[in-house]
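Colleague: I am new to reading models. Could you take me through this one, feature by feature?

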Amino acid sequence: MMKKSILLTLSITLTLISGFAFSEEQGVGLDRGIGGVESLRGDTELETTRPADPMKKVPRDQVDIESSYVFQPPLIPHHIRHYEISLNANKCLSCHSWTKAKQMGATKISVTHFVNRNDEVLADVSPRRYFCLQCHVTQADAKPLVGNSFERVKSLQ
């Protein structure tokens with residue numbers, strides 16, 4: 001039993017030493033103060049505050065962009081700057097609620113937004129679906145932050 005413990009301890013120690021030596025050899029960002037992680041911040045060190053990226057230009061009204069995958073939350077085809085969404089107010093519901101959508105010419109919010117996490121149907125929007133911008137974003141001509149090879153599912157093409 002004692003031999004196994006010694007061998008296990010020796011094995012773990014050698015693994016840690018070789019991993020550290022490998023990362024030193026690779027020079028993985030240790031000299032730049034970013035801990036070896038290249039992030040969306042770019043080369044900016046964590047201790048440094050960099051200027052914010054410019055706001056994306058969102059056209060006032062535009063054609064809907066079609067969904068790219070099943071269950072994708074629809075994108076917002078209009079400007080929403082200064083829309084208040086708080087515990088006391090939800091500007092989105094002033095047009096998209098079931099009582100106002102027809103009058104405003106807007107899309108009604110989905111029936112899925114009236115179901116709580118216990119699959120109970122509610123008379124009003126479920127609190128977990130109340131903050132619209134958790135899932136929905138405005139349409140903007142924005143360059144992807146990271147590259148990807150995503151392709152739309154064939155049934156939606």
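Modeller: Start with the elements: helices (H or I, at least four residues) and strands (E, at least two) are DSSP runs, numbered from the N terminus. This is a predicted model, in which local features need pLDDT of at least 70 and side-chain atom pairs count only at pLDDT 80 or more, while totals for chains, interfaces and linings use all residues. Residues are numbered from 1 along each chain as its sequence is written, and side-chain values use heavy atoms, with hydrogens and water left out.

Colleague: Where does L75 lie?

Modeller: L75 sits in the loop between α1 and α2. H136 is 61 residues from L75 in sequence, yet the two are 5.6 Å apart in space, C-alpha to C-alpha.

Colleague: Is L75 buried or exposed, or something in between?

Modeller: Here are the cut-offs. Buried means under 20% relative accessible area, exposed means over 50%, and partly exposed is in between (1.4 Å probe, protein chains only). L75 has a relative accessible area of 24%, so L75 is partly exposed.

Colleague: How do I read a pocket?

Modeller: Rolling a probe the size of a water molecule over the atoms shows where empty space is left. On a 1 Å grid over the protein atoms alone, a cavity is a set of points where a 1.4 Å probe fits but cannot get out; a pocket is an open set with protein on both sides within 12 Å along at least five of seven lines. Lining residues have an atom within 4 Å of a point. Grid points are joined across faces, edges and corners, and a volume is the space filled by probe spheres set on the points.

Colleague: Which residues lie nearest the centre of the largest pocket?

Modeller: They are P74, L75, H96, I109 and H136, out of 37 lining residues. The space in this pocket is about 900 Å³. The largest share of the lining, 3 residues, comes from α2.

Colleague: What classes of residue make up that lining?

Modeller: Ala, Val, Leu, Ile, Met, Phe, Trp, Tyr, Cys and Pro count as nonpolar; Asp, Glu, Lys and Arg are charged; the others, Gly among them, are polar. The largest pocket has 20 nonpolar, 13 polar and 4 charged lining residues.

Colleague: What is the volume of the second largest pocket?

Modeller: About 450 Å³. It is lined by 13 residues, with S68, Y69, Q72, L75 and N148 closest to the centre. Its lining divides into 10 nonpolar, 3 polar and no charged residues.

Colleague: Now salt bridges. How many are there?

Modeller: Side chains of opposite charge can pair when their charged atoms come close. The cut-off: a side-chain nitrogen of Lys or Arg within 4 Å of a carboxyl oxygen of Asp or Glu. This structure holds 2. In one, D53 meets R50 at 3.1 Å, N to O. In another, R152 meets E66 at 3.7 Å, N to O. That pair links distant parts of the chain, 86 residues apart: R152 is in the segment after α3, E66 in the loop between α1 and α2. R152 is partly exposed at 27%, whereas E66 is exposed at 55%.

Colleague: Which residues have a positive phi without being glycine?

Modeller: F71 is one, at about 70 degrees. F71 lies in the loop between α1 (2–26) and α2 (93–96), and is exposed at 81% relative accessibility. D119 is another, with phi near 60 degrees. D119 lies in the segment after α3 (101–104) and is exposed too, at 64%.
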